[in-house]
Structure formats: structure tokens, C-alpha cells
Amino acid sequence: MIFSSISFLFYFLPIVLILYFAVPFKLKNLVLLLSSLFFYFYGEPIYGFLMIGTILSAYIHGLLIDKFKGKAVGKFFLCTSVIIPLVSLCFFKYADFFISNINIIFGGNFDLLKLALPIGISFYTFQALSYTIDVYRNEVAVQKNLLNLATYIALFPQLIAGPIVRYADIEAELRERTHSFENFSYGVNRFIIGLAKKVLIADSLGTLSMLLHDGDASVVGYWVYSIAVSLQLYFDFSGYSDMAIGLGRIFGFHFLENFNYPFVSKSIGEFWRRWHISLGRWFRDYLYIPLGGNRVKIPRFIFNTALVWLCTGFWHGADWTFILWGLYFAIFLIIEKFFLNKVLKKLPAFLTHFYVCLVVMLSFVLFSSNGLENAVNDFKCLFGAGDLPLFTSETGYYLLSYSVILVMALVGSTPLIKSVVLSLKRREILNKIINVLEPIIQLSLLAVITAYMVDGSFSPFLYFRF
């Protein structure tokens, strides 16, 4: 079940909301847990038990770590609390990658396991890890209520594609949280905005990307493809994050922001402080800083950065393209650290924005390529070495047909619209008009989205595969 589906929007969600607000507070977590388990088992009837195993492992290890805190056995239980879910993640997500590479390197003939990837395993595994590690560090109190911990890990709004919500972020709200009309209204508005990003913009950009990449291609078409696929990833993933944050607010949870207009950045370092914030924060706190961070000698700093970004790339998928994608960003971050940042500060803003957008666009061409061979071919086509014409009539037709969507995506990827609305709201009369128009606009937008969902085909979120 996905958020951008009729079954979720008009059957599952309304039933959950009615049950949730009908029961007393002491039963609300139970309603959320049962709803979340149904949500997951509906799409993953077998792998749902894997998630339950992760929950039980985190719960038992949390108790053991707390009981033996400060002793060697406590550190042992910390290690097993990390190893068990990571082994599970690696087995289901990376087993075939390792087998195929062993076959290539050593001439082996081992059969691939061909296991389906459990949806959301990368996200709920990292959430479980953050809990046990934080218990060991004394940063959170152990959760002795299994229901509360299970609700945290299985919570359906952010279960499938994030953001990666750390236990410390919602620890207090699992026990006590406020429900209000303001929270509900904000949550609905945020959810509809995210849904519009996904259905109206990301899916349309996905169609354009496919036409430019797989149709009668041209060099210009490939460059527009690089723009379209970058914006598609942004609107798809940030749209899901908006929906998750909105649903969380409806249920009284305050999830942290996951995107902050990354394409307005003036450096790659700034871009990654604005893109997939929860993942960057996770790797910073649980890998980069324990390795020594940047308070080390230069060779160790380079090693730390390269390792973290290798892991970041590999987290996204079991393919060499993802590993190279992570290392690609590591190179730019290292270069910026030592001298490029000084140059960027002296350049006009439009040049630094161009630099960031170019680096990011090329990275997402690699990110979206299906294997290294296809990645090499994509870059050949981008730079005119793929025997393609510079421009074709088909490219012009696609650009004209999708020009409105492209403009909407380009403008929507900046804070321009948000700034204009906030500026208008500072005037009392305009603020009242906007408050009246807002629900009308939301309902109209929801009607258009519903029409698209009824008429369109199934289009899963891109980050489901991670």
C-alpha cells in the first residue's frame, strides 16, 4: 500500500483516523501499532515478520544494555544489537551483489538467491540501531514498554521511505502528545502538498525522463533528462517526507524536516545539509563522529569522509553505481574542505548555484543508471560521444509538451512560492483571504490528484527500493 493510492487515501487512512481519535489516549499507540502492522503486512505478508523480529531484538537488547551498562557484557549486547539487524539488512539487500561479484572475480558459479527486498528495511533498521546505541550512550532512557517501542519502529507514516526518525526525537511524544485542530490542519495541508509533489510533478517528470532517455534521444535531450531525473528524485522523496511529516503531525508527532530546498545551495557541503537531512544526521552521529570526524589528521579525515560516503552510497542500493555515487560526493566534499570553499565564497551566487546544480545533476545520472555499463553510456551521450544528434524534433516535442511541468518543478524546488505566501500573510487582510482560500485550494488540489490517481498507472516511490 502506498500513500498515493486510492486504497490508502480513501479506505485505510479514514478508518485509522476514526479509530485513533475515537479511543482514549492510553489506547492510541495500540491503534497506531495495529494499523502500522496491517499497513506493512498488506504489502509484505512474509517480510512483516522480519520487521517484528527487528522490533523484538531492539527491545530485548535495550533492556540488556541498560541492565549491564558500564560492564563488558553491556558492550557485548550493544555489539549484538548492531550486528543482528545489520546482518539481516545485508543478507536481504546485498547477498546477490556479493555473490555476483565473487562469481566475476573468482570465476565462481554460485547461484543468486534472488530475494525480494523487504520494503523499508533500510529505514526501520537504522531506527532500531539508533535506539539501542542511544540507550548505551545514556542519551535516552530504556523503553520498558514494548508497545511504545514497537509503535516507534513500525509507525506507518515514515516506515517505508523515511525520514529516519530517531527514538530521541519522539521519545516524549510516545508517552504524551498534544492533539489540536492546528496540528490536524497543518498535517492535512502538509500531506496534500507532498501528495501533489509526488503525483502531479514527480510522476510527470518520471515520464519525461523515460521519453528522453529511452526514446529518440539527443545530446540536448540527455541534458534535459539529467535535469528532469534530478527534480524527479527531489519531488518524489521530499513529497514522501512531506506526507510522512504531515501524517505524523495529525497523530501528534513532530518529525524533523528532511529537505530544505537543497538546489539553492552554494556548495556540495551545504547541499547535503539540506538533502535527506535525517540520513546525513544518522551517519554523522553514528559513524563519522565515532571515527573521529574532522578533529583528526588530514589522512584520517580523508579516510573518514570516504568511508562514510561509501556507506552512504551503498545504503542506497546494491550496485557499483551507488558506491561510485557516494565516493563521487566524498571527492567534492574533500576538495571543498581544503581549498574550493575559499574560491566559492569569492564567486557570484549564480556561479556557485550553477556549480552545485551541475555536480548534482551529473551525480543523479549515475544514481539513476542501471549498472555501470549503462552509466558509462549515459555519460557518453551527455558529452556527445554516443553517436547521437545534437537535437531532434522528438526532443523539441517532449520539451514543449512538458514545459509547464518543468517550470513548475524548477520554481517549486526553490523557496520562492513559500516566501511570497509568507510575505502576503504579513498583511492582515491578505492573511484572512489566504486562510479562507487555503481549504478550498486544498480540496481542489486533492480532487485533481484523485483524478490523476484514478486515471494513472501504479507508480511506486523511488526510495522504496532502498
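Of the 466 residues of this protein, 50% count as buried, where buried means under 20% relative accessible area with a 1.4 Å probe and protein chains only. The model is a predicted one, in which local features need pLDDT of at least 70, side-chain atom pairs count only at pLDDT 80 or more, and totals for chains, interfaces and linings use all residues. Residues are numbered from 1 along each chain as its sequence is written, and side-chain values use heavy atoms, with hydrogens and water left out.

On confidence, the mean pLDDT (the predictor's confidence in each residue, from 0 to 100) is 92, and 98% of the residues reach 70 or more. Helix α20, residues 428-455, has the lowest confidence, with a mean of 87, whereas helix α11, residues 268-274, has the highest, at 96.

Turning to the fold, the protein has 20 helices and zero strands; these are DSSP runs, with helices (H or I) of at least four residues and strands (E) of at least two, numbered from the N terminus. The radius of gyration is 23 Å, close to the 23 Å from the globule rule for 466 residues, so the protein is as compact as a globular protein of that length. That radius is taken over C-alpha atoms, and the rule is 2.2 Å times the number of residues to the power 0.38. Along the principal axes, the C-alpha trace spans about 65 × 65 × 50 Å.

Finally, one residue. N103 lies in helix α4, residues 72-106, and is buried, at a relative accessible area of 16%. Leaving aside residues up to four places away in sequence, N103 touches G108, N109 and F110, a contact being heavy atoms within 4.5 Å.
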